[in-house]
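Trainee: I've got a structure open and I'd like to walk through it with you. Can we take it piece by piece?

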Amino acid sequence: MSQVSSGTGRDLRLVGLHKTYPNGFTAVHDLDLVVPQGSFFALLGPSGCGKTTTLRMVAGLETPTAGTISIGESEITATKPYNRPVNTVFQNYALFPHLSIAENVEFGLKRRKVYDSGKQVKEILALTELEEQANKRPGQLSGGQQQRVALARAIVNRPEVLLLDEPLGALDLKLRRAMQVELKRIQEEVGITFVHVTHDQEEAMSMADTVAVMNQGVIEQLGSPYDLYTNPHTTFVANFLGRSNLIKGTVVGREGTGDDAVVKVDMHGTIASIKASKVHTDSKDGWLGIRPEKVLIQPEGTAIDAPGSSIPGCVVTDASYLGVSTDYTVRMPWGQEIICFEQNTGRRGGLIPVGTKVDVSWRPEFAFLLDASQDAGAGRQED
Amino acid sequence: MTRIGRWIGSHLVLTGGLLVLLYMYIPNIIVAIMSFNDSSGARNLYAFQKFTWDNWLNPCKPDNLCSSVVTSIEIGLLATLGATVIGTFAAFGLVRHRFRGRTAMNLVLFLPMATPEIVMGSSLLALFVAAGLGGQLGFWTILLAHIMFCISFVVVTVKSRLAGLDGNLEQAAADLYANEWQTFWKVTFPLVFPGILAAALLAFSLSFDDFIITNLNSGQTVTFPMYVWGASQRGVPMQVNVIGTLMFIVALAAVIIGELGARRRRKAIASR
């Protein structure tokens with residue numbers, strides 16, 4: 001196993017990767033993906049979207065129906081799992097119950113006959129704060145400790161790529177947040193390429209440099225958490241990553257060129273401008289999307305802090321006060337209800353009571369336009 | 001009266017349990033006592049006459065007693081080996097692979113356990129005779145029969161252990177650079193071993209104990225149960241009780257050692 005050093009082009013590359021199970025179910029659909037060396041990469045999607053299958057194909061535990069997997073110049077599509085410079089942190093940890101923690105961690109080193117394995121095990125146990133547990137069995141450890149053993153057992157081998165299959169899924173919320181920080185710290189310390197599979201969008205966004213949102217065996221969109229959130233390309237991404245208000249609109253014209261180009265959309269009689277770079281439809285109809293925290297509301301007649309066009313004649317139908325913020329549900333003039341998150345800065349000096357007539361507005365640069373043929377409810381999570 | 005009643009009430013479960021235990025172990029206790037019985041010159045062989053060490057000092061005194069024990073142990077060990085190896089392979093095949101007829105195979109392997117021994121014994125005899133082995137009934141035909149009926153028990157025992165094994169562990173081993181061979185010996189086998197050991201012990205006790213099937217297929221060979229059966233026609237020699245007691249002690253010792261070992265291991269882990 002070669003040591004990871006930056007700039008040698010040992011990227012993980014998936015080309016046309018396809019997996020159809022014998023029962024006819026296609027889990028992964030012609031996937032093309034490049035994971036840059038040393039990056040923290042997250043595969044995000046709901047259960048059954050093919051993310052775990054993708055991970056297992058990279059690990060060698062599942063055979064692709066078509067396509068190739070390579071690390072740098074070396075193709076590993078048909079390589080046995082034990083010959084790949086890849087290690088996995090399994091969802092249920094899969095620690096060997098008959099071996100001590102130290103023996104678990106040493107397992108991979110021993111198989112490769114690394115001669116100073118004892119010293120390396122000590123170092124990694126120190127890194128993961130497990131020295132005290134070295135001689136215990138997995139069954140005697142708490143969930144968080146088992147999780148760290150699984151991590152230590154994988155990274156002690158210094159793989160080129162570390163695969164993490166929902167590694168924090170079995171932990172409670174508080175521990176999960178703590179482990180997220182820990183994982184990120186360890187990744188930065190060891191510099192290994194991390195491919196992290198999760199269905200928790202907050203987890204993916206807080207840790208990963210790049211997130212690929214997967215749905216039904218294909219990657220819907222790939223990018224930095226910021227790009228994905230501010231400029232989703234599909235209704236699925238718009239709903240799965242955070243929440244979105246999607247409002248039916250019709251393209252009525254284009255103005256400007258280059259960075260200033262905007263698309264004018266008629267939204268139930270109100271004309272809204274959307275930056276051309278955030279328009280992801282070629283047809284005349286589309287879903288105009290706006291994030292709830294970007295929606296500004298103000299009681300009718302008072303000034304609104306946005307240069308965009310404001311929509312009058314809206315009514316607050318629900319308000320839930322969350323301390324740090326308030327969630328308002330607002331009925332638009334055309335009957336649709338949209339959500340608005342407002343920080344409780346104290347600026348207003350109180351809540352807007354339910355039933356109040358309000359004006360609604362948002363800065364045009366925050367809106368995006370998606371294809372009308374897509375399901376507006378795709379990827380929406382129950383909360 | 002009510003106080004006694006209350007006392008019985010509060011001790012009923014314990015009393016009941018002890019009575020059941022006593023009921024289960026009375027035969028062993030009687031056998032142990034009778035092994036010290038001096039039966040020489042007695043008319044009733046099943047009543048305790050006089051205490052003696054003779055039976056324990058000369059256990060092989062009755063003709064053919066010890067040779068029958070040796071035969072039974074030989075057959076028992078070989079049958080255990082054969083049935084455990086075949087049964088373990090079968091269990092792995094049935095649990096790990098999906099193939100046509102798997103369900104049927106499970107049933108077929110289970111059937112011998114449900115077949116009356118007398119039926120199995122006589123059909124085996126018919127088979128051996130039809131195969132031209134009628135003249136050679138003896139050690140090897142007994143062994144073949146024993147391996148056969150022990151396999152089912154081994155398969156069932158090992159299968160249940162194997163089914164409870166987390167398949168992810170083997171994938172984790174493969175992921176950690178263990179090839180198929182290393183994965184088996186470092187992960188699968190150590191985890192399934194308790195099941196295989198239990199299956200082997202079961203097979204040995206089934207083989208050692210068997211009378212009906214053995215008797216039908218034994219020719220001139222005499223196993224320990226057959227010896228006891230034959231001797232009981234005239235009166236069982238007291239040395240049989242010695243052998244019986246010894247067997248009980250060996251079994252008890254095995255259980256105690258196993259339990260002590262497990263307890264020490266648990267303690268060692270906890271104190272480290």
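Mentor: Happy to. Of the 272 residues of chain B, 31% count as buried. Keep in mind that this is a predicted model.

Trainee: Is chain B spread out or compact?

Mentor: The radius of gyration of chain B is 24 Å, well over the 19 Å that the globule rule gives for 272 residues, so chain B is more spread out than a compact globule. Along the principal axes, its C-alpha atoms fill a box of roughly 75 × 70 × 40 Å.

Trainee: And what share of the contacts in chain B links residues 24 or more positions apart?

Mentor: Taking contacts with a separation of 6 or more, 76% are between residues 24 or more positions apart.

Trainee: OK, on to the partner. How many residues of chain B are in contact with chain A?

Mentor: 17 residues of chain B are in contact with 19 residues of chain A. On the chain B side, α7 (167–175) and α8 (180–209) each supply at least two residues. The largest share, six residues, comes from α7(B).

Trainee: Where is R158(A), and is it buried or exposed?

Mentor: R158(A) is in the loop between α4 and β7 (161–165) of chain A. With 21 C-beta neighbours inside 10 Å, R158(A) counts as buried.

Trainee: Switching to cores. Which residues have the most contacts inside the largest nonpolar core?

Mentor: That core has 103 residues, and those with the most contacts inside it are V58(A), V195(A), V213(A) and L288(A). Helix α4 (residues 143–155) of chain A gives the most to this core, with six residues. There is also a second, separate core of 27 residues, which includes A79(B), F153(B), V154(B) and A199(B).

Trainee: What does V58(A) touch?

Mentor: Not counting residues up to four places away in sequence, V58(A) touches L12(A), I69(A), V86(A), V161(A), L163(A) and V195(A).

Trainee: I also clicked on L44(A). Where is it?

Mentor: L44(A) is in strand β3 (residues 40–44) of chain A. L44(A) is buried, with 29 other C-beta atoms within 10 Å. Leaving aside its neighbours within four places in sequence, L44(A) is in contact with T198(A), Q201(A), A204(A), V211(A), A212(A), V213(A) and M214(A).

Trainee: How far apart are L44(A) and L162(A) in space?

Mentor: They are 16 Å apart, C-alpha to C-alpha, and 118 residues apart in sequence.

Trainee: Now the bigger picture. Which domains is chain A divided into?

Mentor: Domain 1 (12–230) and domain 2 (243–371). The C-alpha centres of these two domains of chain A lie 40 Å apart.

Trainee: Last one: what's the mean pLDDT of chain A?

Mentor: The mean is 89, and 96% of the residues of chain A reach 70 or more. Over residues 1–7 of chain A, though, the pLDDT is below 50. Beyond near neighbours in sequence, that stretch has twelve contacts in the model.

Conventions:
Residues are numbered from 1 along each chain as its sequence is written. Chains are lettered from A and ligands numbered from 1 in the order in which they are written. This is a predicted model: local features need pLDDT of at least 70, side-chain atom pairs count only at pLDDT 80 or more; totals for chains, interfaces and linings use all residues. The radius of gyration is taken over C-alpha atoms; the globule rule is 2.2 Å times the number of residues to the power 0.38. A residue is buried if 20 or more other C-beta atoms lie within 10 Å of its own, exposed if 12 or fewer, and partly exposed in between; C-beta atoms are placed from the backbone. Two residues are in contact if their C-beta atoms, placed from the backbone, lie within 7 Å. Helices (H or I, at least four residues) and strands (E, at least two) are DSSP runs, numbered from the N terminus. A nonpolar core is a set of buried Ala, Val, Leu, Ile, Met, Phe, Trp, Tyr and Cys residues joined through C-beta atoms within 7 Å. Domain bounds come from an automatic or database domain assignment. pLDDT is the predictor's confidence in each residue, from 0 to 100.
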